[in-house]
Amino acid sequence: MENAEFLGYKFNTDFLYYLFVGRPRTTKSSIDENMNKRIKLLKQNCQRLKNTKDSSPIFSRGIPVANTMSTHHICKVPKCGSTFWTEVFLTLNNVTHVDNLGNLTRDMIHVELQEKIVSRNLNARSSDTLLIISRDPWKRVYSAYMDKIYQLQTAYRDQIKQMVGKRRGYCGEVPTFEQFLKYIVDQSKYNLLDPHWRPISSLCRVCRYSYKYIMKMESFEEDSAYVLNKILPKNSDKKKALFSKLTDKQDYLKGLVRMFTSRFLAMKDNCLSFIDTMKRLWYLLQSQGLLSDRVNFSASLFLQLSAVNEKEITELFVMKSKEMILSNAEEQQQRNRHFREAYASVDVNVLLNIQKVYEHDFRLFGYNMHLTLD
């Protein structure tokens with residue numbers, strides 16, 4: 001049993017890891033075991049669903065969108081680490097050099113460059129290595145709301161109008177989280193769900209194809225590192241660069257700020273003022289634990305910028321994030337607090353309907369259908 005010294009005392013390293021990270025250390029053997037359990041659970045539940053009338057999408061042929069490298073494929077699931085894993089496949093396919101990863105915007109990653117590695121309606125062979133990332137449906141739909149709807153992204157203007165019950169206009173009213181959930185329930189009746197909140201089981205045809213690795217957002221760093229070790233040669237430059245990016249929270253923060261700032265500056269018909277946009281972005285970062293709740297938003301910070309551009313704004317957010325750095329445990333607590341607050345005011349009947357929409361995801365990936373806000 002390994003020990004380390006802290007404050008003049010010797011402690012078991014597993015205890016220190018739990019103390020500072022907020023969860024038990026995961027060993028390679030335990031990840032092996034978890035992966036096997038996930039695959040077994042998926043296969044067992046797929047077998048049970050085989051003859052049910054409402055399960056056809058999960059058995060359908062052809063994965064709608066997958067990133068590909070030779071015989072390795074990952075089903076692209078929005079709001080499940082898709083940016084990082086698209087970067088992985090861009091790197092493995094030599095579409096971009098590892099040294100250039102920090103210069104790629106999210107729009108470049110998901111639109112321009114992805115077209116060079118994407119396979120649509122992929123009919124994977126049994127010998128191929130298939131990867132997938134799952135996420136607790138309750139958390140995934142909240143993340144989608146904060147990213148796409150709360151930020152009033154113009155790409156979603158038609159959906160937003162439907163959520164708030166407007167035939168005309170788009171500006172001035174942000175859908176509540178409950179309105180967003182009701183919209184999901186209504187759209188699910190016609191199989192019209194946007195990929196950012198469509199059930200993963202449907203997106204990835206999980207009962208049609210054999211997935212070798214099932215990663216989870218709840219253990220994203222550990223699972224991603226495990227799979228990278230499996231598919232990349234030892235001590236490669238690509239592997240080192242990707243491992244560094246995987247754990248770089250500042251890089252992730254910068255990517256979000258750059259994306260929303262560049263989109264705001266590029267649009268001529270913005271619904272929100274510059275200050276309102278920055279305030280919403282501030283709250284988004286707090287909801288993800290990237291910026292402490294104890295660091296208060298101040299409009300004057302942005303009004304005092306020497307120039308309103310992507311670089312200046314990103315530097316400001318990075319500076320404020322460093323004022324009060326959260327431990328991993330504190331970050332998780334803050335994320336959970338925002339999550340609980342969002343669901344606390346949602347009508348129970350809406351929650352029950354959301355359960356039905358994502359029932360396959362809950363069961364196939366082993367998530368709790370019952371929302372707990374304790």
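Is cysteine 80 buried or exposed? At 2% relative accessibility, cysteine 80 counts as buried. Keep in mind that this is a predicted model.

Now for the cysteines that do pair up. The count of disulfides comes to two, and here they are:

| Disulfide | S to S distance | Torsion about the S-S bond |
|---|---|---|
| Cysteine 46 and cysteine 207 | 1.9 Å | -80° |
| Cysteine 75 and cysteine 204 | 2.0 Å | about -85° |

Cysteine 46 sits in helix α2 (residues 28-49) and cysteine 207 in the loop between α9 (200-203) and β7 (213-216), so this link ties together parts that are 161 residues apart in sequence. Cysteine 46 is buried, at 8% relative accessible area, and cysteine 207 is buried too, at 14%.

With the other pair, cysteine 75 belongs to strand β4 (residues 72-75) and cysteine 204 to the loop between α9 and β7, so parts 129 residues apart in sequence are tied together. Cysteine 75 is buried at 3% relative accessibility, and cysteine 204 at 0%. Back to cysteine 80: it is in no disulfide, and the nearest cysteine sulfur, that of cysteine 204, is 8.5 Å away.

Next, the core. The largest nonpolar core has 107 residues, and Trp85, Phe180 and Trp197 have the most contacts inside it. Helix α6 (residues 137-149) gives the most to this core, with seven residues. Trp85 touches, among others, Ile74, Leu131, Met215 and Phe220.

Finally, helix α11 (residues 237-246). Lys239, Leu242, Lys245 and Leu246 are buried there. Seen down the axis, these buried residues fall within an arc of 130°, so they line one face of α11. They pack against α4 (82-92), α10 (220-231) and α12 (249-266), while exposed Asp237 and Lys240 are on the face turned away.

Note on methods:
Residues are numbered from 1 along each chain as its sequence is written. This is a predicted model: local features need pLDDT of at least 70, side-chain atom pairs count only at pLDDT 80 or more; totals for chains, interfaces and linings use all residues. Side-chain values use heavy atoms; hydrogens and water are left out. A nonpolar core is a set of buried Ala, Val, Leu, Ile, Met, Phe, Trp, Tyr and Cys residues joined through side-chain atoms within 4.5 Å. Buried means under 20% relative accessible area, exposed over 50%, partly exposed in between (1.4 Å probe, protein chains only). Helices (H or I, at least four residues) and strands (E, at least two) are DSSP runs, numbered from the N terminus. Contact means heavy atoms within 4.5 Å. The arc is that of the directions from the helix axis to the C-beta atoms. A disulfide is a pair of cysteine sulfur atoms within 2.5 Å. Lists of a residue's contacts leave out its neighbours within four places in sequence.
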